[in-house]
Amino acid sequence: MDTTQRPTIVRTYSRYAREAVTLLGSLIRINRIERKLTVQALAERVGISRDMMQRIEQGDPRCGIGVVIEAATIVGVALFEADSSNTLTMHIKEQEDKLRLLPKAVHKTRTVVKDDF
């Protein structure tokens, strides 16, 4: 039996990130209610638990981005101009082109220590 405990890692989020997930959660909730879906019904369509769905609607930043986007899509919350034809595909291609021009990894610059006294 392992009696060692792992240290608890506390993740902090910027104000912008907290406000963004709160707004997105509210938009998902509003659209769900407008479509007369229960939390349970939406959770089943997304493939998650009712509790996870409630956390998404409350703006919990620890929820997985994939399930949040899936919930938003199901209830009709438009993200990244998703309602325009091929807009997302075009943006993805542009970002892939930019990534090809950037270095594959970022390395920390090394400070040369002058130790020859």
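I33 is found in helix α1, where helices (H or I, at least four residues) and strands (E, at least two) are DSSP runs numbered from the N terminus. At 45% relative accessibility, I33 counts as partly exposed; on this scale, buried means under 20% relative accessible area, exposed over 50%, and partly exposed in between (1.4 Å probe, protein chains only). The C-alpha atom of I33 is separated by 13 Å from that of A71, a residue 38 places away along the chain. The model discussed here is predicted, so local features need pLDDT of at least 70 and side-chain atom pairs count only at pLDDT 80 or more, while totals for chains, interfaces and linings use all residues. Residues are numbered from 1 along each chain as its sequence is written, and side-chain values use heavy atoms, with hydrogens and water left out.

Turning to the overall fold, the protein has five helices and zero strands, and from the N terminus on its elements run α-α-α-α-α. The radius of gyration is 21 Å, well over the 13 Å that the globule rule gives for 117 residues, so the protein is more spread out than a compact globule. Here the radius of gyration is taken over C-alpha atoms, and the globule rule is 2.2 Å times the number of residues to the power 0.38. Taken along the principal axes, the C-alpha atoms fill a box of roughly 75 × 50 × 30 Å. Of the 117 residues, 21% count as buried. The protein exposes about 10200 Å², and carbon and sulfur atoms supply 56% of that area; accessible areas come from the Shrake-Rupley method with a 1.4 Å probe, and for residues only the protein chains shown count as cover. Among contacts (heavy atoms within 4.5 Å) between residues at least 6 apart in sequence, 53% join residues at least 24 apart.

The charged side chains come next. The protein carries 19 positive and 15 negative side chains, and the centres of the two sets lie 2 Å apart. For this count, Lys and Arg are positive and Asp and Glu negative, with His and the chain ends not counted; the place of a charge is taken as NZ of Lys, CZ of Arg, CG of Asp or CD of Glu. A search of the whole structure finds seven salt bridges, each being a side-chain nitrogen of Lys or Arg within 4 Å of a carboxyl oxygen of Asp or Glu.

One of these joins the side chains of E57 and R32, at 2.5 Å from N to O. The pair links distant parts of the chain, with E57 in helix α3 (residues 50-57) and R32 in helix α1 (residues 15-34), 25 residues apart. Both partners sit on the covered side of the scale: E57 is buried, with a relative accessible area of 10%, and R32 also counts as buried, at 7% relative accessibility. Leaving aside residues up to four places away in sequence, E57 touches G25, S26, I28, R29, R32, V39 and L42.

D60 is bridged to R55, with the closest N and O atoms 2.8 Å apart, and to R62, where the closest N and O atoms are 3.0 Å apart. D60 is buried, with a relative accessible area of 14%, whereas R55 is partly exposed at 29% and R62 counts as exposed at 61% relative accessibility. Elsewhere, salt bridges that share partners join R29, R32 and E57 into one network.

K36 is placed in the loop between α1 and α2 (39-46) and has a positive phi of about 55° although it is not a glycine. L101 lies in helix α5 (residues 87-101) and counts as exposed, at 75% relative accessibility.
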